Amino acid sequence: FGDPGVGDAEVVEPHSFRVEIAAQSGGKANRFGYDQVEARVSLSDAQLKQNGVSLLTAGPARINAALQLIGEIRLNEDRMVHVVPLLTGVVVASPANAGDRVKKGQLLAVISSQALADQRSELLAAQKRLALTRTTFEREKQLWAEKISAEQDYLEAKHAMQEAEIAVQNARQKLASLGGAGQPGSALTRYEIRAPIDGVVVEKHLSLGEAVQGDAKIFVIADLSTVWVDMTVAAKDLGAVRPGQKADIQATAFAARGSGTISYVGALVGEATRAATARVVLPNLDGVWRPGLQVNVQ
């Protein structure tokens, strides 16, 4: 039949097969076959059933392609808060420590701040002025109604009361913006810093007696119920990675698996790496996935 067909694949020993060949040459049909029997094991139907062996017919099927990438667990920065005091002061108490799990509103630290005392004093003074002007207004209103005093005195008292109300409102808003709108009690300088969210204290940057500035980052609190998996995607693979796709995550340091959804694929390709960053949001309710872990992403 001319040159025989020769394959380039290695057939590993032992092997067992049955061959049937049908060929036609010069209008003449030829058929022949042979068996190659080597290390063949015969099983009855009962033995197949007992050993859980299934016989299936080969046919066409869709093969799911999976892309293998390397990633790193990171804090979910959308659920992370940098706590700053907003006021200059001295730390007098700090019950929260790095690693503590805190609830929203829980006390993190107490700062003694003269600036806060000045602001609270301004509010108290404005409230007393308002009380006085309100009393004067009520008296002038009564006198004017009884035709005892002039209308001008009544209008001046009303104007003074309105200015005092604005001053009180302004002082309250200043305190609220600083987080010191609560009742000052006997300590006008006491400034309580509380947790803005539920989470874990991942960083702490203050100690007792330390003077802190109003813009200092004294705590970092992160909600670890979800984490990010950041991975580098080569330019040739960017067409296969899209937001909304499911990704399977496997830890490299220990046996842990999880799955999440791709939330972000970078729009820029790095000049040096010729790759872009993709991100998976991974549920972490049991706290297994710790930021900094290396993972495999499929």
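Q: Before we start, when do two strands pair?
A: Two strands pair if DSSP finds at least two bridges between them.

Q: OK, and what kind of model is this?
A: This is a predicted model.

Q: Which residue in S16 is the bridge partner of Ile249?
A: Val297 is the partner of Ile249 there.

Q: What do the six strands close into?
A: They close into a barrel, in the order S3-S12-S15-S14-S13-S16, with antiparallel pairing. Neighbouring strands of this sheet are turned by 40° against each other on average, ignoring direction.

Q: Let's look at S12. Is that strand mostly covered or mostly open?
A: S12 covers residues 226–234 and is mostly covered, with seven of its nine residues buried.

Q: What does S12 pair with?
A: Strand S3 (residues 69–75) is joined to S12 by five bridges, running antiparallel. Strand S15 (residues 275–283) is joined to S12 by nine bridges, also antiparallel.

Q: Which residues stand opposite each other there?
A: Gly71 has Met231 in S12 as its bridge partner. Val227, meanwhile, stands opposite Leu282 in S15.

Q: How do side chains point in a regular strand?
A: They alternate between the two faces of the sheet.

Q: Back to S13. Where is Gln250, and is it buried or partly exposed?
A: Gln250 is found in strand S13. Its relative accessible area is 36%, so Gln250 counts as partly exposed.

Q: What does Gln250 touch?
A: Leaving out residues up to four places away in sequence, Gln250 touches Ala256, Arg257, Trp289, Val295 and Asn296.

Q: And what separation do the C-alpha atoms of Gln250 and Gln294 have?
A: They are 9.0 Å apart, although the two residues are separated by 44 residues along the chain.

Q: Switching topic: what's the order of strands in the open sheet?
A: The open sheet has four strands in the order S4-S11-S9-S6, with antiparallel pairing. Its edge strands are S4 (80–83) and S6 (101–102), and each of those pairs on one side only.

Q: How is S6 joined to S9?
A: Two bridges join S6 to S9 (residues 199–204), and the strands run antiparallel. Arg101 has Val200 in S9 as its bridge partner.

Q: What about helices? Where does Glu140 sit, and is it buried or exposed?
A: Glu140 sits in helix H2 (residues 114–145). Glu140 is buried because its relative accessible area is 13%, and the cut-off for buried is under 20%.

Q: Which residues is Glu140 in contact with?
A: Leaving aside neighbours within four places in sequence, Glu140 is in contact with Ser149, Asp153, Tyr154 and Ala157.

Q: And Ala164, where is that one, and is it buried or exposed?
A: Ala164 is in helix H3 (residues 151–178). Ala164 has 8% relative accessibility, so it counts as buried.

Q: What is Ala164 in contact with?
A: With neighbours within four places in sequence left aside, Ala164 is in contact with Arg129, Leu130 and Thr133. Ala164 and Ala131 are 8.6 Å apart in space, C-alpha to C-alpha, and 33 residues apart in sequence.

Q: Now the loops. What is found in the loop between H2 and H3?
A: Lys147 is found there. Its phi is near 65°, a positive value in a residue other than glycine. Lys147 is exposed because its relative accessible area is 71%.

Q: Which residue has a positive phi of about 70°?
A: That's Leu86, which isn't a glycine either. Leu86 is found in the loop between S4 and strand S5 (89–93). Leu86 has 43% relative accessibility, so it counts as partly exposed.

Q: Last one, about the surface: which residues make the nonpolar patch?
A: Phe17, Ile21, Phe32 and Tyr34 make that patch, which has an area of about 360 Å². Strands S1 (17–25) and S2 (28–36) each supply at least two of the patch residues.

Q: Where is Phe17, then?
A: Phe17 is in strand S1. Phe17 counts as partly exposed because its relative accessible area is 30%.

Methods. Residues are numbered from 1 along each chain as its sequence is written. This is a predicted model: local features need pLDDT of at least 70, side-chain atom pairs count only at pLDDT 80 or more; totals for chains, interfaces and linings use all residues. Side-chain values use heavy atoms; hydrogens and water are left out. Buried means under 20% relative accessible area, exposed over 50%, partly exposed in between (1.4 Å probe, protein chains only). Patches are made of residues with over 30% relative accessible area and no salt bridge: like charges are joined within 9 Å, nonpolar side chains (Val, Leu, Ile, Met, Phe, Trp, Tyr) within 5 Å. Accessible areas come from the Shrake-Rupley method with a 1.4 Å probe; for residues, only the protein chains shown count as cover. A salt bridge is a side-chain nitrogen of Lys or Arg within 4 Å of a carboxyl oxygen of Asp or Glu. Axes are lines fitted to C-alpha atoms, for helices over the stretch in contact, and angles run from 0 to 180 degrees between N-to-C directions. Contact means heavy atoms within 4.5 Å.
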